[in-house]
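Dear colleague,

I am handing over the structure we spoke about, so that you can look through it yourself. Below it you will find a description of what was found, arranged by region.

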Amino acid sequence: MAEANHISALLKFALGEDRFPIDVGSVAIEVSRHRFPDSPIAQVQGVDIGGFDGVLKANRDRSKWLIAYSNKVQSEGRKRYTISHEFGHYVLHRHLQYSFSCSASDIESGDHGQRNIEAEADRFACNLLMPLDDFRCQTEGEVIDFDLLGHCADRYGVSLTAAALRWIEIAPERAVLVASRDDHMLWAKSNDNAFKAGNFFATRKDTIELPQSALAHSALGSHNTRAQLSPAATWFMHEPDHVKVVEHVVNARSYDYQLTLLLMPDADSQYPQHDDGEPEEDTFDRFINNGQYPVR
Ligand SMILES: [Zn+2]
């Protein structure tokens, strides 16, 4: 993170507010040439490789490095992210290995488990492409939905998935991002607030089906609804009845899966407590309890 922030600060100084989307291939070549002149990144190129999205490789005496990305990936956003991820391996891990091959499940996914160098390379990529101070300026005070996250994805030149994963880090409430296909979760990522409250899915361990009532579930047939309010207990059994979850859904176009964003108020801010410990019904819940669902 420190390495990416350092480079990000240099770019801000050199290019100002108009530095997005970052031309990460040129940045990788320039920065490595200045900072590590004995073993710079000499080339960044698209190649016809299968099986991997990105590769970082040294020549025999490690005096030069190459970043290659797969031409089979159509999305410019995913290519940019892949280059940034490989640049992350170069900055952080090039003394550990002389070759890195990374697949789509290593890059830009909420599913890292114990594979730390992949998580570190992703963290580097995020910080370089989507600095948090700028991301906050784009989203603070705005209503969060996939349109706003789509605007962020365009600004930073990344995929919607990358922008959504970035946003949940700074979400002011509990947020969980779920990628699904054929009614089953591929991976899910919770922010800290959600994780601490037990709102997470162990997708690496278990096969988890979406709730039947989920907007992304095929049981609902084809529909144009992109958001709904439902009881949090339909997603997380331990949640009390009064807790509601706002659910946003979109197709991630550059992947073949659906994204669901689940938003819930923080566990301890759900109800203001009176001195006698009785929860106070807030206006929004009264609305819902009276059967008046807000129009979305
Ligand atoms: Zn990697």
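**What was found**

Of the 296 residues in the chain, 35% count as buried. Please keep in mind while reading that this is a predicted model. The mean pLDDT of the chain is 86, and 86% of the residues reach 70 or more. Over residues 270–296, however, the pLDDT is below 50, and this stretch has 15 contacts in the model beyond near neighbours in sequence. I would therefore read that part with care, given that its pLDDT is below 50.

As to the overall make-up, the chain has nine helices and nine strands. Among the contacts in the chain with a separation of 6 or more, 56% are accounted for by residues 24 or more positions apart.

Ala58 is found in strand β2 (residues 54–58), and, leaving aside residues up to four places away in sequence, Ala58 touches Trp65, Tyr98 and Ser99. Is Ala58 buried or exposed, or something in between? With 18 C-beta neighbours inside 10 Å, Ala58 counts as partly exposed, because a residue is called buried at 20 or more such neighbours and exposed at 12 or fewer. The C-alpha atom of Ala58 is separated by 9.6 Å from that of Pro40, and these two residues are 18 residues apart along the chain.

The other residue is Gln97, which is found in the loop between α3 (76–93) and β4 (99–102). Gln97 has 13 other C-beta atoms within 10 Å and is partly exposed. Between the C-alpha atoms of Gln97 and Leu56 the separation is 9.7 Å, although the two residues are 41 residues apart along the chain.

**The packing of α3 and α4**

Helix α3 packs with helix α4 (residues 116–129) at an angle of about 115°, and their axes are 8 Å apart. The crossing of α3 and α4 is right-handed. On the α3 side, the residues that meet α4 include Arg80, Tyr81, His85 and Leu92, while the α4 side includes Ile117, Glu120, Phe124 and Leu128. Taken together, the residues of the contact of α3 with α4 divide into nine nonpolar, five polar and three charged.

**The five-stranded sheet**

Another open sheet is formed by five strands in the order β6-β5-β9-β8-β7, and here the pairing is antiparallel. The edge strands are β6 (184–190) and β7 (227–231), each pairing on one side only, and the twist from one strand to the next averages 25°.

Which strands pair with β9 (residues 257–264), and over how many bridges? Strand β5 (residues 174–181) pairs with β9 in the antiparallel sense over seven bridges, and Val178 stands opposite Thr260 in β9. Strand β8 (residues 244–252) also pairs with β9 in the antiparallel sense over seven bridges, with Glu247 standing opposite Leu262 in β9 and Ala252 having Tyr257 in β9 as its bridge partner. Strands β8 and β9 form a hairpin, and four residues lie between them.

Seven of the eight residues of β9 are buried, so this strand is largely enclosed by the rest of the structure.

With best regards

How values were computed:
Residues numbered from 1 in each chain as written. Predicted model: local features only at pLDDT ≥ 70, side-chain atom pairs only at ≥ 80, totals over all residues. Helix = DSSP H or I, 4+ residues; strand = E, 2+ residues; numbered from the N terminus. Axes fitted to C-alpha atoms, helices over the stretch in contact; angles between N-to-C directions. Left-handed = near helix turned anticlockwise from the far one by under 90°. Contact = placed C-beta atoms within 7 Å. Nonpolar A, V, L, I, M, F, W, Y, C, P; charged D, E, K, R; others polar. Pairing = 2+ DSSP bridges. pLDDT = per-residue confidence, 0-100.
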